[in-house]
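Here is a short tour of a structure, taken one neighbourhood at a time. Keep the 3D view open beside you as you read.

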Amino acid sequence: MGGFYMAYLESLCRRRGWRDPLYETYRSSSGFTCLVLVNGREYQTDLAYESDGLAQENAAMRAFMVCRNFSVNGVADTREGVEVEAILSTSAAAVLQRLPSDESS
């Protein structure tokens, strides 16, 4: 059974219309590591873990922490950027309304 971050990552992928995360777990003499593929990007554990489940959960956490800030198309989308973009768009629309139209000439 998957952990908290595995569930949240899967939920995030479904909300964004991405494929479900794909996990590849590797075993070595030092323990388990994991690589997870999310929306064409790979995220992996930073350490070896005692079990494959812990390794998958860590890889999911690393992916979730990055992907939660991506928009649907995979571009980082921060609240500040969205607000600034909305303000600029509103200001640009106000300026365009004040410009004389070409119909009067």
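## How the two helices meet

Helix α1 crosses helix α2 with left-handed geometry. The residues that α1 brings to this contact are Phe-4, Tyr-5, Met-6, Tyr-8, Leu-9, Leu-12 and Arg-16, and those from α2 are Gln-56, Glu-57, Ala-60, Met-61, Ala-63, Phe-64, Met-65 and Cys-67. Sorted by class, the contact of α1 with α2 has 12 nonpolar residues, 1 polar and 2 charged. Please bear in mind that this is a predicted model.

As for the geometry, the two axes, of α1 and α2, come within 8 Å and cross at roughly 40°. An angle under 35 degrees would count as roughly parallel, and the perpendicular class runs from 65 to 115. The helices α1 and α2 are therefore oblique to each other.

## Aromatic rings between the helices

How many aromatic pairs does the structure hold? There are 4 of them in the model. In one, the ring centres of Tyr-5 and Phe-64 are 6.0 Å apart and the planes stand at 55°, so this pair is tilted. This pair links distant parts of the chain, with Tyr-5 in helix α1 (residues 4–16) and Phe-64 in helix α2, 59 residues apart.

Phe-64 also pairs with Tyr-8: here the centres of the rings are 5.9 Å apart and the planes are at 90°, so the pair is edge-to-face. Again distant parts of the chain are linked, since Tyr-8 belongs to helix α1 and Phe-64 to helix α2, 56 residues apart. Is Phe-64 buried or exposed? With a relative accessibility of 12%, Phe-64 counts as buried, as the cut-off for that class is under 20%. Tyr-8, by contrast, is partly exposed, its relative accessible area being 43%. Taken together, ring pairs join Phe-4, Tyr-5, Tyr-8 and Phe-64 into a cluster.

Asn-58 lies in α2, which spans residues 52–67. Its relative accessibility is 12%, so Asn-58 counts as buried. Which residues does Asn-58 touch, leaving aside those up to four places away in sequence? They are Thr-45, Asp-46 and Tyr-49.

## The strands and a loop

Now turn to the strands. Leu-22 lies in strand β1, residues 22–28, and is partly exposed, with a relative accessible area of 47%. Not counting residues up to four places away in sequence, Leu-22 touches Leu-35, Val-36 and Leu-37.

Where is Asn-39 placed? Asn-39 sits in the loop between β2 (31–38) and β3 (41–44). Its phi is near 50°, a positive value in a residue other than glycine. Asn-39 is partly exposed, with a relative accessible area of 34%.

Notes:
Residues are numbered from 1 along each chain as its sequence is written. This is a predicted model: local features need pLDDT of at least 70, side-chain atom pairs count only at pLDDT 80 or more; totals for chains, interfaces and linings use all residues. Side-chain values use heavy atoms; hydrogens and water are left out. Helices (H or I, at least four residues) and strands (E, at least two) are DSSP runs, numbered from the N terminus. Buried means under 20% relative accessible area, exposed over 50%, partly exposed in between (1.4 Å probe, protein chains only). Contact means heavy atoms within 4.5 Å. Rings of Phe, Tyr and Trp (its six-membered ring) pair if their centres lie within 6.5 Å; planes under 30 degrees apart count as stacked, over 60 as edge-to-face and the rest as tilted. Axes are lines fitted to C-alpha atoms, for helices over the stretch in contact, and angles run from 0 to 180 degrees between N-to-C directions. Angles under 35 degrees count as roughly parallel, over 145 as roughly antiparallel, 65 to 115 as roughly perpendicular and the rest as oblique. A crossing is left-handed if the near helix is turned anticlockwise from the far one by less than a right angle, and right-handed if clockwise. Ala, Val, Leu, Ile, Met, Phe, Trp, Tyr, Cys and Pro count as nonpolar, Asp, Glu, Lys and Arg as charged, and the others, Gly among them, as polar.
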